[in-house]
Amino acid sequence: MQQLLAQDARRYSTFRLAATLSQVIEMSSLAELQRYQPLQPPLVLGEGSNCIFLSDWQTDIVRFVADSVIRNQQDEKLFLHVEAGCNWHHLVQSTVAEGWWGLENLALIPGSVGAAPVQNIGAYGVEMADCCTYVDFFHWKTKSVQRLSREECVFGYRDSIFKRSLAGEGVIVAVGFQLNRHGTPHLSYKGLDHLPSDSRPLEVMHAVIAVRQSKLPDPAKLANCGSFFKNPLLSANQFQALIEKHPTLPYYPQPDSQVKVAAAWLIERAGLKGHRIGDVACYQLQPLVLVNYGAGTSAQLSELIQLIQRSVQQMFDILLEPEVRLLAQYD
């Protein structure tokens, strides 16, 4: 167990707003988690690619950094038990390089494996839940690990039980996956639709990386947390009314009769692509991404968020919901 006092929040969030974290505790084993006795539930943090500290943070922050991968191949299937601290993109690269189907569309998503189930990360028609078999969750109160099946995780669009009834109750310590030797590529999204239908996982992954790099800034070079807002899910009636007024709106039918529409398109049509408040801006190549040019503040970010939400709601009657975790602790 490593206890780090008075840490600069910019080390722990890829948006890099200035703030101070009173104590960051890094643990790498179940035994360390069991010995830990917090006075109040700590904040659990992965690699900081989906969270922004809007203020100083006074209570404990816990990072579970164990990152082993246990493999069990059974004929044409590969079962993985991956500890939470493993880097997500490294996991994708390693499995795709061996020809396994399942994670190729999720390449280059920043963050750790342990953070992936919380948001049920997804991209280009694929979600983490599609390959997830279970999640191991350590409870602060009982000091024990509970294995939740995929169904028990109640995965939804950027949603799970870990954002709801289990929020603050513990920490994800491992995730199980099933990958397959044979599969069909998901190529319906723009940027992948030029690939042949018999493309291999490696070809799909390279195309995904190329698309993401063409539109999304590298957090190491320009501070950001990737897609900032969720793509809205509309009822069939809501969508029909909207598409009649805006026939060029990109949309994606969902299995439950809802329709997902492109938040980036809504923001751009509201005239906010490239809009800047101080050092915080709506990225000029992809308006769904908010960026910090270096000296951004929480006040500037909050003002931009409110402007985007207000403008989109006035024009389209849709309230955009942040996908990024906005963390604030005030006296």
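Please keep in mind that the model is predicted.

I shall begin with the interior. In soluble globular proteins, nonpolar side chains tend to be buried together. Here the largest nonpolar core holds 45 residues, and those touching the most other members are Trp88, Leu91, Phe162 and Phe177. At least two residues of this core come from each of β7 (77-83), α2 (88-97), β10 (132-139), β12 (170-180) and α4 (201-215). The largest share, 6 residues, is supplied by α4.

What does Phe162 touch, if residues up to four places away in sequence are not counted? The list is Pro117, Val118, Val135, Phe137, Leu148, Cys153, Ala167 and Ile172.

Let us turn to Asn50, which sits in the loop between β3 (43-44) and β4 (51-53). Setting aside neighbours within four places in sequence, Asn50 is in contact with Gln119, Cys225, Glu323, Val324 and Arg325. With Glu323, a polar atom of the Asn50 side chain lies 3.4 Å from the backbone oxygen.

Finally, I come to the sheet. Strands of a sheet pair through backbone hydrogen bonds, either parallel or antiparallel. In this model, 4 strands form an open sheet in the order β1-β2-β5-β3, and the pairing is mixed. β1 (2-8) and β3 are the edge strands, each pairing on one side only. Strands β2 (residues 20-27) and β5 (residues 61-64) run parallel and are joined by 4 bridges. Within this pair, Ile25 has Val62 of β5 as its bridge partner.

Methods
Residues numbered from 1 in each chain as written. Predicted model: local features only at pLDDT ≥ 70, side-chain atom pairs only at ≥ 80, totals over all residues. Heavy atoms only, no water. Core = buried A, V, L, I, M, F, W, Y, C linked by side-chain atoms within 4.5 Å. Buried < 20%, exposed > 50% of the residue type's maximum accessible area, 1.4 Å probe, protein only. Contact = heavy atoms within 4.5 Å. Polar contact = N/O pair within 3.5 Å; in protein donor to acceptor, adjacent residues only side chain to side chain. Pairing = 2+ DSSP bridges.
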